Amino acid sequence: MTTIDYSVWDHIEVSDDEDDTHPNIDTPSLFKWRHEARVERMEEFEKKGAELDKGLGECRRKLTEAQKRARELEAAAAAGTGDDRAELTRAQEEEKQLKKEERGWERKLEEHRREEKKMPWNVDTLCKEGFSKSVVNKKPEEKEQTEEQKEQKHRTFVDKNEKQIKHFGMLRRWDDSQKYLSDNAHLVCEETANYLVIMCIDLECQSVIE
């Protein structure tokens, strides 16, 4: 049986703004000041990380351009003059310097990431919203139909489904009626109800006449 290793949780330090209080300072204000100070430190730390990322990216861009220029000058210097070779030397020195700067940026960024891992968790870093999305469904506006349009709609529906509506209207058991509507969901509408009302009136009139 596979066991879960919980040892990774043994050395977690959670920083809380409410760890300590002071008898001469309003407690809610103290919590508020501590929280604001911690948030400010976190923002400065994140800003520093963003600047390091940007600096490393810019350095690598310059290094790529310098390497490209050095390769071009190598080809030109092979059959060129002393000036070409001198320019190639300068390009190679620039490439060498940029590689050194790149290693420096990488070292600083790695140190920043190590510091980030050592930082204690707090109420702002323990719980973060994964995603947030709100969807509002709006019912499309329906234009009011005229009496002629309603009548035509009713007639078309009845012509197409009259046999099924009559069958449903003659069912006696509730379970049978429910199952029939489940199997023929298109009958659940105002047109079916209107037809059944007229059907009941006709049947009642026939029974009175008889």
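When I say two residues are in contact, I mean that they have heavy atoms within 4.5 Å of each other. With that in hand, let's start at Glu 95. Setting aside neighbours within four places in sequence, Glu 95 is in contact with Leu 63, Ala 66, Gln 67, Ala 70 and Arg 71.

Before I go on, a word on what you're looking at. This is a predicted model, where local features need pLDDT of at least 70 and side-chain atom pairs count only at pLDDT 80 or more, while totals for chains, interfaces and linings use all residues. Residues are numbered from 1 along each chain as its sequence is written, and side-chain values use heavy atoms, with hydrogens and water left out.

Okay, back to Glu 95. It's in helix H2, residues 82–118. Is Glu 95 buried or exposed? It's buried, because its relative accessible area is 8%, and buried means under 20%, exposed over 50%, partly exposed in between, using a 1.4 Å probe and protein chains only. And Thr 64 sits 31 residues away from Glu 95 along the chain, yet their C-alpha atoms are separated by 8.7 Å.

Further along H2 there's Arg 113. Arg 113 is partly exposed, because its relative accessibility is 42%.

Now let's zoom out. The protein has six helices and two strands, and from the N terminus on they run β-α-α-β-α-α-α-α. There are 210 residues, and 19% of them count as buried. If you take the contacts with a separation of 6 or more, 64% are between residues 24 or more positions apart. The protein exposes about 18000 Å², with carbon and sulfur atoms supplying 51% of that; those areas come from the Shrake-Rupley method with a 1.4 Å probe, and for residues only the protein chains shown count as cover.

Next, the cores. A nonpolar core here is a set of buried Ala, Val, Leu, Ile, Met, Phe, Trp, Tyr and Cys residues joined through side-chain atoms within 4.5 Å. Which residues make up the largest one? There are nine: Phe 157, Val 158, Ile 165, Phe 168, Tyr 180, Leu 187, Tyr 195, Leu 196 and Met 199.

Let me pick out Leu 187 from the largest core. Not counting residues up to four places away in sequence, Leu 187 touches Phe 157, Asn 161, Gln 164, Ile 165, Tyr 180, Leu 181 and Thr 192.

On to the rings. Aromatic rings of Phe, Tyr and Trp (its six-membered ring) pair if their centres lie within 6.5 Å; planes under 30 degrees apart count as stacked, over 60 as edge-to-face and the rest as tilted. How many pairs does that give? One. The rings of Phe 168 and Tyr 180 have centres 6.3 Å apart and planes at 15 degrees, so they're stacked. The pair links distant parts of the chain, with Phe 168 in H4 and Tyr 180 in H5 (residues 174–183), 12 residues apart. Phe 168 is buried because its relative accessibility is 15%, and Tyr 180 is buried too, at 16%.

Staying with rings, Lys 108 lies over the face of Trp 105, at 5.3 Å from the ring centre. The rule for that is NZ of Lys or CZ of Arg within 6 Å of the ring centre and within 35 degrees of the ring normal.

Last stop, Glu 191 in helix H6. Glu 191 counts as buried, because its relative accessibility is 11%. Leaving aside neighbours within four places in sequence, Glu 191 is in contact with Lys 153, His 154 and Phe 157. Glu 191 and Lys 153 are 38 residues apart in sequence, and 8.3 Å apart in space, C-alpha to C-alpha.

Definitions and conventions:
Helix = DSSP H or I, 4+ residues; strand = E, 2+ residues; numbered from the N terminus.
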